[in-house]
Amino acid sequence: MEGVSLNRLLALFVVVLAGATAFGQSQKNLSILGPHMSKSQTPRPLGILGVKTVKAGKFKKADFEGNIARPGTTRAMRKGMKQAMYSSTALVLYDSNTTYGWIGGMYAYQIGNLLSHFGMTVTRQGVESYKSGQLANYNCAFYVGTIYGNKLPAAFQADVVSNTLPFCWMGYNLWEVAWNSKQTGWNNSFANAFGFEFAYLDGTGYPNVTYNGTTLTKQQNDPVQGDTSIINSQLATVLATSTNGTTTAPYITRGANFWYVADNPLEYVPTNRGDDRYLAFCDILNDITGVPEPHALQAALRIEDVSAICPSATLRSLADTLYAAGVPYVVCVIPDYMDPLGVYNNGTPLEIQMQNSTQFVSDLEYMQAEGAQIIMHGVTHQYSNVANPVNGVSADDVEFFVVQFVNGVEEAIGPVPTDSTSWVTARLKTGFTMMSESGFNRVVGWNTPHYFATPTDYKVFAAQFDYCMDRALTFATDNASNLHYLIQPSPFVYTDEYGNVRVPETLGYCDPYGTSGLVNLPTNMAGYASAVSCVRGGWAGMYYHWFLGTTMLQQLVQGVQAAGFKFQTPSSSVQ
């Protein structure tokens, strides 16, 4: 058995740096499963929560081939960025074996997307195929442990300890490196190199994480995290702390060149609130990559679902309010309003193409003169003459994916039957023609209706627009050929694997009625902006529906500005 220092033993019984709870394990009774962890049940994969599934047979695999999360290299070149800025490299390793290997691949993709913000060329690889010395070939490296007990290669374990370049470990399996090979005591080499030890998996549940004075939240659908203990405060420190109001534990621990994040920080990030603990992980990417963030805090506001049915007085009132506040903004325009079943027109089908509405074009020109940038929000924001999934009406339905209600639950079925590169290209051309005939000849931005699109669609969007404002989907398939997808969170501009420059949406949308399942008032959104401000170069991205009036809009703008953000139009600041 390896030796134990006095300091190390003391660290197990006293409260350590940053309020981390002491861990009462001795060398003879080390146990991976700590407080509130079932000893008879294997912990579930980290990252499976929040993932949506399309059953096998309901989609064409050809629509997704080549764009499924798997090993590979991503070099997402942002438009206008110099080649030299992509000289830095990162290796992202993940658990790829077993039935749930697709989960690790999905999150490796998402980590790679985030790293594009820092100009990194990213190689994704299953950890099981790691070869000795690989870490030395990259500027920094990451491992996301999603499968409990996945046996890690001996070469990887040895290189992690001897590596002197920045390395970040997330989630499970740190005990395989931080403990000795028999799992009966600590690995002195690890502890001496990084100044902390792995204690155990903790199921206590900590709904909050404190980072740099900012209180963040963690959804408790999966409360498990890995706890650490500092043994050398000259080498190691706790950067973020988990708390439930009674007890605390480290959430992010840094020891020398090694960062440990206690869970999978991208798992179950809510879509309509902006204070999740993943923000802390995104901020430390500045330190791991060594790339300084040159941008101040920025905000992007878009007015959503604007079409020819919008009352003129309402649109102009919104414009006047934002102009008076000195706020530039984006107007998401649906060029072709469709109500093919006459749902809102007494049973009579209705279509209004924007170029045929002189008043609507005049209103958009008025908004543009008062600081708006006009972008496309789909072409029709619905599909064909069917409910997809609601009623077939523009702004209510999905345009590039089949979505239906199954037993009262919204379920994605797969790509629309016509989905192809030629179909999407032709559809966008129709929208461009309507915009051009209305006097808007250069449409720089895009916002995918309800955020549903396929890799085929994303590639076309990337070729046609300077930036996108929707949240992208990451796709993976499992051994049974089911398709899984997950929304990519980000607090800063990044370039996805398709080449889309994505402006983040971090605050959600103003939702006074709780239609998303969570009431989201301007005061809530301003609070989320304060949380995002903990990220260097963070964006407060949000949208506001045209029919909500100006009172809450004023409150929203003032709250976000008070949090330290400056409103920008994306085209002026994404390069």
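Two residues are in contact here when they have heavy atoms within 4.5 Å of each other. Keep that in mind as we walk through the chain, starting with how the model was made. This is a predicted model, in which local features need pLDDT of at least 70 and side-chain atom pairs count only at pLDDT 80 or more, while totals for chains, interfaces and linings use all residues. Residues are numbered from 1 along each chain as its sequence is written, and side-chain values use heavy atoms, with hydrogens and water left out.

Let's begin with the overall picture. The chain contains 12 helices and 28 strands; these are DSSP runs numbered from the N terminus, with helices (H or I) of at least four residues and strands (E) of at least two. Along the principal axes, its C-alpha atoms fill a box of roughly 80 × 50 × 50 Å. The radius of gyration is 25 Å, which agrees with the value near 25 Å for a compact globule of 575 residues. That radius is taken over C-alpha atoms, and the globule rule is 2.2 Å times the number of residues to the power 0.38.

How much of the chain is buried? Of the 575 residues, 61% are, where buried means under 20% relative accessible area, exposed means over 50%, and partly exposed lies in between (1.4 Å probe, protein chains only).

Now for strand S6, residues 167-171. All of it is covered: 5 of the 5 residues are buried, so S6 is largely enclosed by the rest of the structure. Strand S5 (residues 140-145) runs parallel to S6, joined to it by 5 bridges; strands pair if DSSP finds at least two bridges between them. One of these links has Ala 141 with Phe 167 of S6 as its bridge partner.

Further along, two neighbours are worth a visit. Pro 349 sits in the loop between strand S16 (336-339) and strand S17 (350-353). Its relative accessibility is 54%, so Pro 349 counts as exposed. Beyond residues up to four places away in sequence, Pro 349 touches Asp 339, Pro 340 and Gly 342.

Leu 350 belongs to strand S17. With 28% relative accessibility, Leu 350 counts as partly exposed. Setting aside neighbours within four places in sequence, Leu 350 is in contact with Tyr 337, Met 338, Asp 339, Pro 340 and Asn 345. The C-alpha atom of Leu 350 is separated by 59 Å from that of Thr 253, 97 residues apart along the chain.
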